[in-house]
Amino acid sequence: MYITDIDEKQKLINLMFSMVMAATSDEDFCKKPRGERMAWVANNLRGMGYDTHPIGMSWGMLVGPEFRKTNEVITDNLDN
């Protein structure tokens with residue numbers, strides 16, 4: 001069996017719902033600075049196979065292994 005584009009999209013949608021539920025249930029998380037909250041999102045996406053990096057106006061552009069060879073992962077605060 002192969003993974004289809006729809007399977008990948010569904011995986012991403014499930015992840016988004018899970019992340020919002022987890023984030024909004026935690027009062028301490030909601031009080032963190034914006035950059036720390038965005039790093040939390042990026043870390044969770046990366047853990048599920050969607051590596052992102054803040055580029056331009058986007059908090060998270062999908063990036064690949066070639067990009068990672070020259071750009072380190074930001075894990076603590078995307079505003080910095």
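M61 touches D51, T52, H53 and I55, leaving aside residues up to four places away in sequence; contact here means heavy atoms within 4.5 Å. This is a predicted model in which local features need pLDDT of at least 70 and side-chain atom pairs count only at pLDDT 80 or more, while totals for chains, interfaces and linings use all residues. Residues are numbered from 1 along each chain as its sequence is written, and side-chain values use heavy atoms, with hydrogens and water left out.

M61 is partly exposed, at a relative accessible area of 39%. For such labels, buried means under 20% relative accessible area, exposed over 50%, and partly exposed in between, with a 1.4 Å probe and protein chains only. M61 and D51 are 10 residues apart along the chain, and their C-alpha atoms are separated by 8.1 Å.

Strand β2 runs antiparallel to β1, and 3 bridges join the two; strands pair if DSSP finds at least two bridges between them. I55 stands opposite S58 in β2. Together β1 and β2 form a hairpin with 2 residues between them, and G56 in the turn has a positive phi of about 60 degrees.

**Helix α3**

Helix α3 has 14 residues and reaches 20 Å from its first C-alpha to its last, close to the 20 Å expected at 1.5 Å a residue. That expected span is 1.5 Å times one less than the number of residues. G35, A39, A42 and L45 are buried in α3. Seen down the helix axis, the buried residues of α3 fall within an arc of 125 degrees, so they line one face of the helix; the arc is that of the directions from the axis to the C-beta atoms. Among the elements covering these buried residues are α1 and β1. Just after α3, G49 takes a positive phi of about 100 degrees.

**Salt bridges**

Side chains of opposite charge can pair when their charged atoms come close. The whole structure holds 5 salt bridges, each a side-chain nitrogen of Lys or Arg within 4 Å of a carboxyl oxygen of Asp or Glu. Here are some of them:

| Pair | Closest N to O distance |
|---|---|
| D5 and K9 | 3.2 Å |
| D79 and R34 | 3.1 Å |

Salt bridges that share partners join R46, D51 and R68 into one network.

How far apart in helix α1 are D5 and K9? They are 4 residues apart in α1 (residues 5-24), which means a separation of about one helical turn. K9 is partly exposed at 48% relative accessibility.

The salt bridge between D79 and R34 links distant parts of the chain: D79 is in the segment after α4 (65-68) and R34 in helix α3 (residues 34-47), 45 residues apart. D79 is partly exposed, with a relative accessible area of 38%, and R34 is partly exposed too, at 46%.
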